[in-house]
Amino acid sequence: MVDLVQNTIDGLMIGSSYGLLALGFTLIFGVMRRLNLSYGPSVMIGGYLGTVVYLQFGAGPLTVAAAVVVGAAVAGIYVERLCFAPMKAGAAIASMVSSFAIWMQLEQAAILVLPRHTYAFPPLATGAPIELGPFAIRVDHLVMLGSALGLAAAVQLVLYRTRFGLALRAIIGNPVAAHLVGVDVRMVMPLAFAGASAIGGVAGFLVLAVDQQITPMFGMWATLKGLIAMMIGGLGSVPGAVLGGLLLGVIEAQSQWYFGPQIRDLVAYFVLFAFLAIRPRGLVGSMSEASTQKA
Amino acid sequence: MFEVSDIVAAYGKIEALKGVSLKVESGRITCLLGPNGAGKTTLMMTIAGILQPRRGSIRLEGAELAGLSPARIVSRGVALVPENRLVFPEMSVRENLLAGAYQRRDRAGIDSDIERMYARFPRLKERRDQMAGTLSGGEQQMLAVARALMSRPRLLLMDEPSLGLAPLIVAEIFDIIAELNRDGTTIFLVEQNAHMALKVAHQFFLMEQGRITFSGTPGQLAEDEVIQRAYLGTRRAVG
């Protein structure tokens, strides 16, 4: 019982950053109606920029975090300009395939610049775990959870309380109608893309700081986690993305404890499969589903 | 005055508009009738800037609109109530109205305009916090009209406002159109329901296969003939 609760605590902490990854993913999907496979690799580029800033200049965590976020956002805009802006409306497959090509390109670029496989990443917070009766909570996990939930709340505020958020939700609801009410869709889309990649950057920084290392494979890892959490939570939903991430984190922590690390990923894929088969709209109903059905 | 001259628009190689010219008098209701596939919706989308014309000009009070982005066209005073309404389904009625005022920055004016919309469309007021996707077809049509009015347009374009609505609701929508026009809104309307359209319109155009084939005032042509040409096209009418 103690193990079960401890695993759940650990899972929720890690899952909060999965939730952030899914949040960035779902915003891009909602606004563009297209899957951006280069999402994780954009985050990875940010991570590499962070590690360079750390290793070369001995920067502190906040500076490294800023570098990761800026790097991810710039890489995100690069992907948008290359894979999404030039593609005609409806050419979703072309965008997805080209975002796959850019994934490979970004991964190779990272390997060329930093040829050693693994690089150090600064820790988030050090210090003894907090003891709560039989349970222990890592300080860096706590920082991760706090940052992730805070950022998710901020994203929700921007979406529902600002003019930019209104524009985003209008595009998500119906792109043609968004044009018709005067939303400058061509201006908003790259901004949304950069913002979503920056959210991924925050998630990437938190995960890397907990792992204290980065490899070129981090891009694929981030895309996979974000994608699975997004599908579990429900495409296009902010609370869904966070919930999906938390659930994925808990499932992984439990299966790792009881079955070992090899089985852990298998269980995650099985849960994704189960959701796709039984409840394809995910935990929380989708923002975009109703409108895509009507269109 | 609103004037479209010699507009050509195409989807790939297929020309949907083959040189359309027409004039809409300020303060009037002008109606565009024609069979399916004549290019009526294409013309509306081109005026709104969703489609870019290959050539030709679109002028509102002398100012050129062709080539501008949809957002600029809205800020110049043209709003389109699109075919199938296209409300934002996951936004509340109130948020849909706010979105309609997206180009405006006058917070107080927007709030008072929302109140004016609630006064004109009491059912929208009742459902102000309800998601627009849960409204009935007629209510969604009213919301789409109110949303377009929130940009304070000088010219209101409406594409098939009666589409898919019950006869009683259609009558209500046309009452609203006449009322808006009495309050001074210039309206350019595409309609399948020729009978209703001819009752409110001051002027009408017939469009067939991407061209304007007739223009006049209701009563100038027998309604039977208008309806026949609007639904079936000229060639069937002759044969």
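I note at the outset that this is a predicted model.

**Helix α9 of chain A.** I looked up which residues of α9(A) are buried, and found Phe218(A), Gly219(A), Ala222(A), Thr223(A), Lys225(A), Gly226(A), Ile228(A), Ala229(A), Met230(A), Met231(A), Ile232(A) and Gly233(A). With twelve of its 16 residues buried, α9(A) is mostly covered. I then checked its length: at 1.5 Å a residue, the 16 residues (218-233) should span 22 Å, and this agrees with the end C-alpha atoms, which are 22 Å apart.

**Helices α5 and α6 of chain A.** I looked up how the axes of α5(A) (residues 139-161) and α6(A) (residues 163-173) lie, and they come within 5 Å and cross at roughly 80 degrees. Because angles of 65 to 115 degrees count as roughly perpendicular, I recorded α5(A) as roughly perpendicular to α6(A). On the α5(A) side Val158(A), Leu159(A) and Tyr160(A) take part in the contact, and they meet Phe164(A), Gly165(A), Leu166(A), Leu168(A) and Arg169(A) of α6(A). I sorted the residues of this contact into six nonpolar, one polar and one charged.

**The sheet of chain B.** I traced an open sheet of four strands in the order β2-β1-β4-β5 (chain B), with antiparallel pairing. β2 (14-24) and β5 (63-64) of chain B are at the edges with a single partner strand each, so one side of each has no neighbour in the sheet. Between β1(B) (residues 2-11) and β2(B) I found eight bridges in the antiparallel sense, and Ala10(B) stands opposite Glu15(B) in β2(B).

Notes:
Residues are numbered from 1 along each chain as its sequence is written. Chains are lettered from A and ligands numbered from 1 in the order in which they are written. This is a predicted model: local features need pLDDT of at least 70, side-chain atom pairs count only at pLDDT 80 or more; totals for chains, interfaces and linings use all residues. Side-chain values use heavy atoms; hydrogens and water are left out. Helices (H or I, at least four residues) and strands (E, at least two) are DSSP runs, numbered from the N terminus. The expected span of a helix is 1.5 Å times one less than its number of residues. Buried means under 20% relative accessible area, exposed over 50%, partly exposed in between (1.4 Å probe, protein chains only). Axes are lines fitted to C-alpha atoms, for helices over the stretch in contact, and angles run from 0 to 180 degrees between N-to-C directions. Angles under 35 degrees count as roughly parallel, over 145 as roughly antiparallel, 65 to 115 as roughly perpendicular and the rest as oblique. Contact means heavy atoms within 4.5 Å. Ala, Val, Leu, Ile, Met, Phe, Trp, Tyr, Cys and Pro count as nonpolar, Asp, Glu, Lys and Arg as charged, and the others, Gly among them, as polar. Two strands pair if DSSP finds at least two bridges between them.
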